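Hi,

Here is the structure I said I would pass on.

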Amino acid sequence: MTLTVSELVGAAGGGALGAALGALGAFSLMGVVVVVATLATTFGPDTGLVEGLAFGPVFGPHVMFASGAAAAAYAAHIRRHESGRDIAKPLITYDKMSILGVGAVFGVLGQLLARAVGEIPLVRAADDSEISMVDSLAVSVVLTALIAAALWARTPLAERMTWVPWQHRASAVLTVGAMGGAIAGSVFLAWPEDSRAMAGLFLYGASAVTLLALVFGAAVPVTHHITLPAALAAGVAAAHTGEATWILVAAVAAGVVSSVVAEGWARLVLERCRMHLDPPAVAIAIMATVLALIKLGLA
């Protein structure tokens with residue numbers, strides 16, 4: 001694994017920007033870049049904008065979002081930030097450059113971890129195709145959060161804090177999961193067939209953009225961990241059937257399961273944690289491996 005100077009510098013800059021904007025603001029900015037990059041790649045496949053820009057060492061969630069979350073934990077640890085769980089407030093507010101420095105360090109760390117996890121060999125299926133078993137960016141987000149928690153958020157909260165209060169009840173978890181899955185399946189079917197791999201990434205970006213509302217205190221559903229796996233599941237189904245009904249069923253089922261996984265992590269781990277250990281990243285990492293196993297079994 002060889003990392004270029006531009007990657008390291010870009011990751012440091014992206015990490016510092018993620019801290020300055022706050023994790024949610026940075027994630028929403030990434031969403032805009034992802035939407036533009038996926039649309040451009042759909043109609044100009046050789047652009048390289050998705051891998052190099054949208055999920056690269058500056059705007060990628062493993063850099064901008066993860067560094068913002070880690071910087072929030074540090075800012076709370078030095079008593080500048082009210083809570084490490086608050087990932088909405090721009091941390092540049094505190095005029096403390098060490099917070100941006102932590103963001104820069106975690107940006108580089110996130111890029112290093114993503115590249116390291118990306119070195120895990122592909123698995124060759126029975127049909128001779130090669131399948132990636134992990135989502136390296138999601139795994140990197142989870143790992144950097146755990147490192148930040150070990151440094152600055154080791155003691156649990158005295159009282160539980162729900163993750164997304166309006167998406168906490170079982171009925172809400174299942175409904176939002178089904179809704180996101182249905183949207184993902186429909187968008188997948190509407191996407192040009194020769195570039196359907198972009199559908200899930202487009203939805204991930206679009207879902208991220210909606211989270212900008214959270215920065216301003218408005219309640220919106222959190223769906224990026226639902227729409228991406230659901231679109232990927234639709235792709236798995238589409239490889240074995242042309243029936244739109246079954247493709248939609250696969251997308252809805254994956255959306256519901258991913259929604260449950262995220263809420264399960266939130267209740268088991270996040271609710272007592274002093275920093276944001278991202279449930280969507282955990283759900284995406286788990287679902288990516290589950291769907292890869294299903295692809296292997298069906299190959």
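The crossing of helix 7 and helix 11 is right-handed (a crossing is right-handed if the near helix is turned clockwise from the far one by less than a right angle, left-handed if anticlockwise). Before I go on: this is a predicted model, so local features need pLDDT of at least 70 and side-chain atom pairs count only at pLDDT 80 or more, while totals for chains, interfaces and linings use all residues. Residues are numbered from 1 along each chain as its sequence is written, and side-chain values use heavy atoms, with hydrogens and water left out.

Back to that pair. Helix 7 covers residues 170-190 and helix 11 covers residues 244-268; helices here are DSSP runs (H or I, at least four residues), numbered from the N terminus. Their axes come within 7 Å and cross at roughly 140° (axes are lines fitted to C-alpha atoms over the stretch in contact, and angles run from 0 to 180 degrees between N-to-C directions). That makes helix 7 oblique to helix 11; the scheme is under 35 degrees for roughly parallel, over 145 for roughly antiparallel, 65 to 115 for roughly perpendicular, and oblique for the rest.

Which residues of helix 7 meet helix 11? On the helix 7 side they include Ala170, Val173, Gly177, Gly181, Gly185 and Leu189, and on the helix 11 side Ala244, Ile247, Gly255, Ser259, Glu263 and Arg267 are among them (contact means heavy atoms within 4.5 Å). By class, this contact has 14 nonpolar, 6 polar and 2 charged residues. For the classes, Ala, Val, Leu, Ile, Met, Phe, Trp, Tyr, Cys and Pro count as nonpolar, Asp, Glu, Lys and Arg as charged, and the others, Gly among them, as polar.

Now to the start of the chain. Helix 1 (residues 5-21) packs against helix 2 at an angle of about 120°, with the axes 6 Å apart. That makes helix 1 oblique to helix 2, and the crossing is right-handed. Leu17, Gly18 and Leu21 of helix 1 make the contact with Ala23, Gly25, Ala26 and Leu29 of helix 2. Those residues divide into 5 nonpolar, 2 polar and no charged.

Helix 2 also meets helix 4 (residues 64-77): their axes come within 8 Å and cross at roughly 175°. Helix 2 and helix 4 are therefore roughly antiparallel to each other. Here Ala23, Ala26, Phe27 and Leu29 of helix 2 face Met64, Phe65, Gly68 and Ala69 of helix 4 in the contact, which has 7 nonpolar, 1 polar and no charged residues.

Not counting residues up to four places away in sequence, Glu7 touches Thr2, Pro57, Gln111 and Arg115.

Gly10 is in helix 1 and counts as buried at 13% relative accessibility. Leaving aside neighbours within four places in sequence, Gly10 is in contact with Pro57 and Val58.

Thr42 sits in helix 2 (residues 23-43) and is buried, at 9% relative accessible area. Its side chain reaches the backbone oxygen of Thr38 at 2.8 Å and makes a polar contact of 3.3 Å with the side chain of Trp191. Beyond neighbours within four places in sequence, the contacts of Thr42 are Trp191, Pro192, Ser195 and Met198.

Trp152, in helix 6 (residues 136-152), is buried at 19% relative accessible area. Outside four places in sequence, Trp152 touches Ala70, Ala73, Tyr74, His77, Val102 and Phe106.

Finally, Glu51 lies in helix 3 (residues 49-54) and counts as exposed, with 68% relative accessibility. Glu51 and Thr38 are 13 residues apart in sequence and 9.7 Å apart in space, C-alpha to C-alpha.

Cheers

Notes
Helix = DSSP H or I, 4+ residues; strand = E, 2+ residues; numbered from the N terminus. Buried < 20%, exposed > 50% of the residue type's maximum accessible area, 1.4 Å probe, protein only. Polar contact = N/O pair within 3.5 Å; in protein donor to acceptor, adjacent residues only side chain to side chain.
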